[in-house]
Amino acid sequence: MTAPAQRQIALLVSVAGAVIVALDGTILLMAQPGMQRDLGASVAQIQWTSTGYLVAVAALLVIAGRLGDRYGHPRLLFAGVLGFGAASAGIALAPTVGWVIVLRAVQGGFAAFLQPATLALLRLAYSADRLSKPIAIRTSAIAVAAGSGPLLGGVLVAHLGWRAVFWVNVPLAFVIAVLALAVRTPAPQPGNAPRLNLTSAGLLAVALAILVHALADVTARGWTAAPTLLGFLAVIGVATVLVWHERRTTHPIVPPAVARSVPVTASMTILLVTTAGLFGALFRATFYLQDVLRLDPLASGLRVLPLTVLMVLGSPAAVAALRRYGARRTAIAGTVLVVVGIAGLSRLGPASTWMTMAAAFAAIGAGFATVMVTATGTVVGDAPPGYAGVVSGLKQTAMNIGPTLGIAVAASATSTAAPTMNSTLLTLAALPALGLLPASRLPRRPAHQKGDHTTTSRPAQAPAPQAAPARHPNSRATAQAHPVMHQTDLQ
């Protein structure tokens, strides 16, 4: 098979793998009410069908990326997508909500194996100067999948019941697994493949799991509740031990070449704060549209539609801007658009026109697409040879924690009596504004952008090991936002 054909297969598998996860997350929101009634579940149990998934994904993303670097990303993707499909089938057959919660956590674990591989495949198949276009295609496809999930879920639940939304994953997962077998990428060199440090992996998994669980509980407990504060203190403690261990081990889970890369760390920071602002704003806006303006879910979805449309259209535009103006100016422009869009929403009230609201959502969508394409391309393109998987895992982790943080901020500041969205959304606009500083640290024009004449990328081989010097999820507002918040791959 020719090199161009191999690149196309790798792109197809990458897009399909990302889409199945994005679709699963948004389609779930239509299944939860029926699931609660059918299984006689409590509100807390239904919340755990999302929280358990979220915690599992957060804990395992970086570890999965590291394993992909060692054993090959096509293998991890193959195993991840098959496991994801099998867990989906198990949920569709689950007799009790307890089984659903357990299998959702299992599904999240396999999703963690799947997601870093989808990005790492692109890094292995495309040279760094050609990455922006496939990343833009991937971003647009994810936006379409996430936007169409509620509609598809509504149709399936209405005609076939809530279990149908999980059966959808099974044939999709099988097709993606078959396609993954056709992907050919440079194999890791056994002698140089980075080893997985089990101590670091365990500490990182525990720290991320506690952090995501603590943030997810903020909506119900608040920021100052004892369990929340204890959770944050535990994260600080485990993270301190992890940093101490990483500095002394021969095989750190986050290699020094990655930890010291300014473009990589800056891009991940931008993604963290921008996704926090975006998802927090969506949570608050949905709350406002349904509980203040009294719009039904369909009418609310139509108000937000410009965001999805501009994400799809903005991705290819971001590629052109990135090539012409470089990563720094493009990321700053995208971040400013997100801030302006969220701030624009804060000025809206009951008398505001549909066009005014559409313009604000459009600005957010265009800005987020620009940030996504720029930061993702920088993270993956600047990944040191042999570390595409761990870098992809770190990127996905940032985009997993960001939505959880944003929704926690939005939920804790939300007041149903507020006639406008101003105070909460101005706070949320400040989150992506924090991304302007790391955006200014990105290269003006990446060194790898030498034109489009490179046709193949060199095999990414690992170097020799280095010594390390408020509301519940069945309410209307949360039902719109909570399933999306575990979309680590709206990315």
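D217 and R221 both belong to helix α9 (residues 198-221), where they stand four residues apart, about one turn of the helix; helices (H or I, at least four residues) and strands (E, at least two) are DSSP runs, numbered from the N terminus. An α-helix has 3.6 residues a turn, so residues three or four places apart point the same way. D217 and R221 form a salt bridge, with their closest N and O atoms 3.4 Å apart. The term denotes a side-chain nitrogen of Lys or Arg within 4 Å of a carboxyl oxygen of Asp or Glu. D217 is buried at a relative accessible area of 15%, whereas R221 is partly exposed at 47%. Here buried means under 20% relative accessible area, exposed over 50%, and partly exposed in between (1.4 Å probe, protein chains only).

The model is predicted: local features need pLDDT of at least 70, side-chain atom pairs count only at pLDDT 80 or more, and totals for chains, interfaces and linings use all residues. Residues are numbered from 1 along each chain as its sequence is written, and side-chain values use heavy atoms, with hydrogens and water left out.

Another salt bridge pairs the side chains of D38 and R163 at 3.7 Å, N to O. D38 is in helix α2 (residues 32-39) and R163 in the loop between α6 (132-160) and α7 (164-167), so the pair ties together parts that are 125 residues apart in sequence. D38 counts as partly exposed at 47% relative accessibility, and R163 is also partly exposed, at 24%.

## Overall architecture and helix α1

The protein chain contains 18 helices and zero strands. Of its 491 residues, 58% count as buried. The chain exposes about 18,500 Å², and carbon and sulfur atoms supply 68% of this area; accessible areas come from the Shrake-Rupley method with a 1.4 Å probe, and for residues only the protein chains shown count as cover.

Helix α1 (residues 3-27) comprises 25 residues and reaches 36 Å from its first C-alpha to its last, close to the 36 Å expected at 1.5 Å a residue. The expected span is 1.5 Å times one less than the number of residues in the helix. Helix α1 is mostly covered, with 19 of its 25 residues buried.

## Nonpolar cores

A nonpolar core is a set of buried Ala, Val, Leu, Ile, Met, Phe, Trp, Tyr and Cys residues joined through side-chain atoms within 4.5 Å. The largest such core has 43 residues, of which L307, I342, L345 and F361 touch the most other members. At least two residues of this core come from each of α12 (262-291), α13, α14 (354-381), α15 (388-413) and α16 (422-433). Helix α12 supplies the largest share, eleven residues. A second, separate core of 31 residues includes A58, L76, L204 and V212.

## Aromatic pairs

Two aromatic pairs are found in the whole structure; rings of Phe, Tyr and Trp (its six-membered ring) pair if their centres lie within 6.5 Å, and planes under 30 degrees apart count as stacked, over 60 as edge-to-face and the rest as tilted. W162 and F166 form an edge-to-face pair, at 6.2 Å centre to centre and 85 degrees between the planes. W162 is buried at 6% relative accessibility, and F166 is buried at 1%.

The pair of W223 and F232 is stacked, because the ring centres are 6.0 Å apart and the planes are at 25 degrees. W223 counts as partly exposed, with 30% relative accessibility.

## Surface features

L302, L305, V309 and L313 form a nonpolar surface patch with about 350 Å² of accessible area together. Patches are made of residues with over 30% relative accessible area and no salt bridge: like charges are joined within 9 Å, and nonpolar side chains (Val, Leu, Ile, Met, Phe, Trp, Tyr) within 5 Å. L302 is located in helix α13 (residues 297-346) and counts as partly exposed at 47% relative accessibility.

P227 lies in helix α10 (residues 226-248) and is partly exposed, at 43% relative accessibility. The C-alpha atoms of P227 and A214 are separated by 7.8 Å, the two residues being 13 residues apart along the chain.
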